[in-house]
Amino acid sequence: MVGEALLIAVSALGPLAFGCVERWSLAALQTALLGMFLWGWLQRPAEASPPARGLLLAPALAVILIGGLQWLHAVPIDAPRLWSALPFTASSYETGNALVLWWSYAALLWCAPAVLSRPDAKERYAWALLLAAAVFASIGVIQLHAGNKLVFGFREVTYGRSPFGPYYNTGHAASLLATVLPLGLGLFGSRMARRRSFLERGMRPSEFAASQATLLLLVAAIGYGLLSARNRGAMLALAASACVTAFWGCRFLRSRPAAASLRLTLVLAPLALAVFIRRHPASTGFREGFKENSVAFRAAMYRGSLKLIADYPLWGVGLGAVSSAFPPYKERIVDGVVDHVHSDWLEFPMQTGLAGLAAIAAGFLLLARRFWARTRPGSREDLRLEAGALAGAACFLAHAMVEFNFQTPANAVVFLALLAWLGTDAAEPGADPESRQPQHPSRGRPPAVKWLPALVALALMLRACVPVIAHGFIWRSKGLPTERQIALLKQAYRLDPNPQTAFRIGYLHLRGRPANGGQREPWLRHGLAMVRRALLADPVNPYLNKMEGSFLISLNRKMDAESQGLTKSLDKNQ
């Protein structure tokens, strides 16, 4: 039960913790996932491995292997193209952080099949997701109606983002709501079909009706929140997921001609919708046509992404290293640093190349084959609940075509848990969990096999906490004298070499002055050295390059700045 409690906690509380995009919430998420693996590994050494575990783990471990090889070979994106024949990363810092996150995802995929195979575990998990989604949907709706532009009503956002409840970005909130909504509908249908079994177990008709009314209220809150978010991508993704689920459901029709004709219709329906949107964009929410900023912005990033993939097709540019590799491919219409390209379907091959894409595609195909086999007509699975999970996962995937949902860790956890759901056989309600264990369990693992993964998990848990410790130094530096701020920020940078921290150090040197009337030139040279140190690891970072130009101009070396193309002034708001 500990594993199930941890799975519910990270899935339900993760979205409420700002989607786990902040350092503290991400560290908490990673620690919880690795702790869940640690508990399961040490407490149940003789547990039978669920069949879905290998299907889910293999692609994740392949991605981790590619990322590990990339991390060992850090090469700036502006280096000679010869290095792209080998796995490399444009940022060892970003790839190192991404590896810790992917190990956490692997821990989730190891644990989730065993957790969800327990009696009624899938239903309990669905209830938890619905409650969490309804809570943050309600917060978001209240926030919108009050005209509040703050996250959770008190946290200010930057870069013109539009918050929704605990999320900094409305699109990411809408993605999770659209993923959970079909699950709620599936749970409602499942419970209605099993009404007699609930009554036979002692539940009163009034209690059952009240629970179903509560469930409908949660679904309505989520649906209203999704409509209030007004996210076109999420709504279109819901339509696509309905087609996918109906395509799967055609296998239960008795008439083969009717099933075949309906499947053909479901295949053509998305194409017809795409043509309709193309010809009548205003009627589907694109009031300014495809020239509006959000569409043009995405199209520019997609063009740059395709060029980058064409240049580094086999291994990509590094797991999590898009922000360090994309600047040379950025068009003028795209402002600022591009952390993500608003399409997971493009971002993943950018990071891991065709090698990583092939591993993930093979995993999806094998998982789809297993889901198709275990939900055949006449199976004992609760098909209505399975349909809800399938629609939720399909909706997430469809929305990922035009959004970077997987880069929001809380959303990614829910999606991966749904994949584990789709591959896992559920126990009969009321069955004994111990009956699913092997009758002749092994005597246990050898000590090395038992303790090595546990030690690796503990090391990763400690590594996940390092950015939080570094952020503590950054937090302590606020409001202090300039030199004291710089000293604390340098301690943070030594622990966690984040380019943003180097930028803040350089900015303080550039805009501040030494205490006690010290000379300004040595002060500026120290700041320039810090910026150049960060540029060694991230040579195409536009903000650091602008700052280097500002330092050179301040040091009366304008010709050096011009020769390097660094004469653009540094915006004080950056």
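These legends describe close-up views of a predicted model. Residue numbers start from 1 along each chain as its sequence is written, and side-chain values use heavy atoms, with hydrogens and water left out.

**View 1. Salt bridge between Glu4 and Arg118**. A salt bridge is a side-chain nitrogen of Lys or Arg within 4 Å of a carboxyl oxygen of Asp or Glu. By this rule the model has twelve salt bridges. In the one shown, the N to O distance between Glu4 and Arg118 is 4.0 Å. Glu4 belongs to helix α1 and Arg118 to the loop between α4 and α5, so this pair links distant parts of the chain, 114 residues apart. Helices (H or I, at least four residues) and strands (E, at least two) are DSSP runs, numbered from the N terminus. Glu4 counts as buried at 6% relative accessibility, and Arg118 counts as partly exposed at 23%. Buried means under 20% relative accessible area, exposed over 50%, and partly exposed in between (1.4 Å probe, protein chains only).

**View 2. The network of Glu123, Arg191, Arg194 and Asp382**. Glu123 and Arg191 form a salt bridge in which the closest N and O atoms are 3.1 Å apart. The pair links distant parts of the chain, with Glu123 in helix α5 and Arg191 in helix α6 (residues 170–193), 68 residues apart. Both Glu123 and Arg191 are buried. A salt bridge also joins Asp382 to Arg194, with 3.3 Å between the closest N and O atoms. Asp382 sits in the loop between α13 and α14 (383–399) and Arg194 in the loop between α6 and α7 (195–200), so the pair ties together parts that are 188 residues apart in sequence. Asp382 is partly exposed, with a relative accessible area of 22%, whereas Arg194 is buried at 18%. Through salt bridges that share partners, Glu123, Arg191, Arg194 and Asp382 join into one network.

**View 3. Nonpolar surface patch with helix α10**. The patch consists of Phe247, Leu264, Val267, Leu268 and Leu271, which together have about 460 Å² of accessible area. Areas of this kind come from the Shrake-Rupley method with a 1.4 Å probe; for residues, only the protein chains shown count as cover. Patches are made of residues with over 30% relative accessible area and no salt bridge, where like charges are joined within 9 Å and nonpolar side chains (Val, Leu, Ile, Met, Phe, Trp, Tyr) within 5 Å. Helix α10 (residues 256–279) supplies the largest share of the patch, four residues. Leu264 lies in this helix and is exposed, with a relative accessible area of 51%.

**View 4. The largest cavity and its lining**. A search of the whole structure finds four cavities of 30 Å³ or more, and the largest has a volume of about 60 Å³. On a 1 Å grid over the protein atoms alone, a cavity is a set of points where a 1.4 Å probe fits but cannot get out; lining residues have an atom within 4 Å of a point. Grid points are joined across faces, edges and corners, and a volume is the space filled by probe spheres set on the points. The lining of the largest cavity is made up of Ser91, Tyr93, Tyr493, Pro497, Pro499, Ala534, Ala537 and Asp538. By class, this lining has six nonpolar, one polar and one charged residues. Ala, Val, Leu, Ile, Met, Phe, Trp, Tyr, Cys and Pro count as nonpolar, Asp, Glu, Lys and Arg as charged, and the others, Gly among them, as polar.

**View 5. Positive phi at Cys20 and Asp120**. Cys20, a residue other than glycine, has a positive phi near 60°. Its place is the loop between α1 (2–16) and α2 (23–43), and Cys20 is buried, with a relative accessible area of 2%. Asp120, not a glycine either, has a positive phi of about 65°. Asp120 lies in the loop between α4 (92–116) and α5 (121–145) and is partly exposed at 26% relative accessible area.

**View 6. C-alpha distances at Val341 and Ala229**. Val341 lies in the loop between α12 (322–325) and α13 (344–374) and is buried, with a relative accessible area of 0%. Ala229 lies in helix α8 (residues 205–229) and is buried at 11% relative accessible area. The C-alpha atoms of Ala229 and Gly171 are separated by 7.7 Å, and the two residues are 58 residues apart along the chain.

Notes:
This is a predicted model: local features need pLDDT of at least 70, side-chain atom pairs count only at pLDDT 80 or more; totals for chains, interfaces and linings use all residues. On a 1 Å grid over the protein atoms alone, a cavity is a set of points where a 1.4 Å probe fits but cannot get out, and a pocket is an open set with protein on both sides within 12 Å along at least five of seven lines; lining residues have an atom within 4 Å of a point.
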